[in-house]
Structure formats: C-alpha cells, structure tokens
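This report works through one protein model, from its overall form to individual residues. Please keep the sequence and the structure in view while reading.

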Amino acid sequence: MSWREIDEQYAREQRQRLQEMTPEPLFEAPVMGRKWCLRCGRRPATSILLTAGDMRPVLPLCTGCAAEWNLHGYHALRGIRPRALLRNLLWFKLRHPLRRPSAPELVQDVRNLLRWVRKMKALRRSSA
Ligand SMILES: [Zn+2]
C-alpha cells in the first residue's frame, strides 16, 4: 500500500467516524410515492421525516402522527411500540396484500427507521 492510499484510507475512516458521531436532525416533507405510517402502522402516510443533512428517509407519518410530531417533536417518536407497530403492519398486509407499499417496501422503510433509531441511541449512550 502506498502512502497516498494509506492517506486516503485514513481520510475515509475519519469521514465515516464523523458521520457516525453527528446527530441527524429530522424535518418533515411531503411523502413521495405510497408509504404507510410507521408510527401507528394504521393509516397511509401523508408526510415523511427526512434527515436534514443528506435527506435520508426515516419515518413516514399519517396526518394524526404528523400532528403529534408538530406538537411534541422527538418526544412523539418515543411513543413508537415496535411490537404493536409490527402487528399493525402485518394486519395491513393481510387485509390489503396487493396495496402499496408492498411487503419488501415496508421492510425497507422499517430498516431505514431502525438505522436512525440505533444511531441516535448509540449517540445518547456515548454522550451520557
Ligand atoms: Zn400514524
């Protein structure tokens, strides 16, 4: 490995570390395509929370849950109960197997949400 490569690798690792250490604040935007609310799991989403930096999708919200978000901010996200959410998502798919979002789309949306939740939890632990 040349010095230049070592240097580039170092810079890459630093960037990665910085990204892992930076909190990702969220903002609300109109939802693109068909999504299901991942806060209650009971209604179609009308808006979506994106990360402010690189606009990664985090949490699709229905009108009721978006109102909670506007009132309580991040506290509204603590009300998410993973078990109840998964049960509601499953129930939605059983009743409407052909309706979008499809099961793989839902799984991807849940993954996007978990990525953010895990990161924020890790940050809170390291700053405590
Ligand atoms: Zn909702």
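## Basis of the model

The model is predicted, and for that reason local features are reported only where pLDDT is at least 70 and side-chain atom pairs count only at pLDDT 80 or more, whereas totals for chains, interfaces and linings use all residues. Residues are numbered from 1 along each chain as its sequence is written.

## Overall form

The protein contains 5 helices and 3 strands, where helices (H or I, at least four residues) and strands (E, at least two) are DSSP runs numbered from the N terminus. Along the sequence these elements follow the pattern α-β-β-β-α-α-α-α. The radius of gyration is 18 Å, well over the 14 Å that the globule rule gives for 128 residues, so the protein is more spread out than a compact globule; the radius is taken over C-alpha atoms, and the rule is 2.2 Å times the number of residues to the power 0.38. The C-alpha trace spans about 60 × 35 × 25 Å along its principal axes.

Buried residues account for 22% of the 128 residues, a residue being buried if 20 or more other C-beta atoms lie within 10 Å of its own, exposed if 12 or fewer, and partly exposed in between, with C-beta atoms placed from the backbone. Of the contacts between residues at least 6 apart in sequence, 48% join residues at least 24 apart; here two residues are in contact if their C-beta atoms, placed from the backbone, lie within 7 Å.

## The sheet

The 3 strands form an open sheet in the order E1-E2-E3 with antiparallel pairing, where two strands pair if DSSP finds at least two bridges between them. Strand E1 (26-30) and E3 are the edge strands, each pairing on one side only, and the twist averages 30° from one strand to the next. Angles run from 0 to 180 degrees between N-to-C directions, and axes are lines fitted to C-alpha atoms, for helices over the stretch in contact. Helix H2 packs on this sheet, touching E1, E2 and E3, and its direction makes about 115° with that of E3.

E1 is joined to E2 by 5 bridges, and Leu 26 has Thr 51 in E2 as its bridge partner. Phe 27, which is placed in strand E1, stands opposite Leu 50 in E2. Leaving aside neighbours within four places in sequence, Phe 27 is in contact with Leu 49, Leu 50 and Ala 52, yet Phe 27 is exposed, with 11 other C-beta atoms within 10 Å. Between E2 and E3 there are 4 bridges, and Ser 47 has Leu 61 in E3 as its bridge partner.

## The nonpolar core

A nonpolar core is a set of buried Ala, Val, Leu, Ile, Met, Phe, Trp, Tyr and Cys residues joined through C-beta atoms within 7 Å. The largest such core has 19 residues, and those with the most contacts inside it are Trp 36, Cys 37, Ala 45, Leu 59 and Leu 61. Strand E2 (47-51), strand E3 (57-61), helix H2 (63-72), helix H4 (82-95) and helix H5 (103-127) each supply at least two residues of this core.

Not counting residues up to four places away in sequence, Cys 37 touches Arg 42, Arg 43, Pro 44, Ala 45, Pro 60, Leu 61, Cys 62 and Cys 65.

## Helix H5

The 25 residues of H5 should span 36 Å at 1.5 Å a residue, and the end C-alpha atoms are 36 Å apart, which agrees; the expected span of a helix is 1.5 Å times one less than its number of residues. Within H5, Leu 106, Asp 109 and Leu 113 are buried, and the buried residues of this helix pack against E3 and H4.

## Two loops

E2 and E3 form a hairpin with 5 residues between them. Met 55 lies in the loop between these two strands and has a positive phi of about 55° although it is not a glycine. Met 55 counts as exposed, with 10 C-beta neighbours inside 10 Å.

The loop between H4 and H5 holds Pro 101. A cis peptide bond joins Arg 100 and Pro 101, with omega about -5°.
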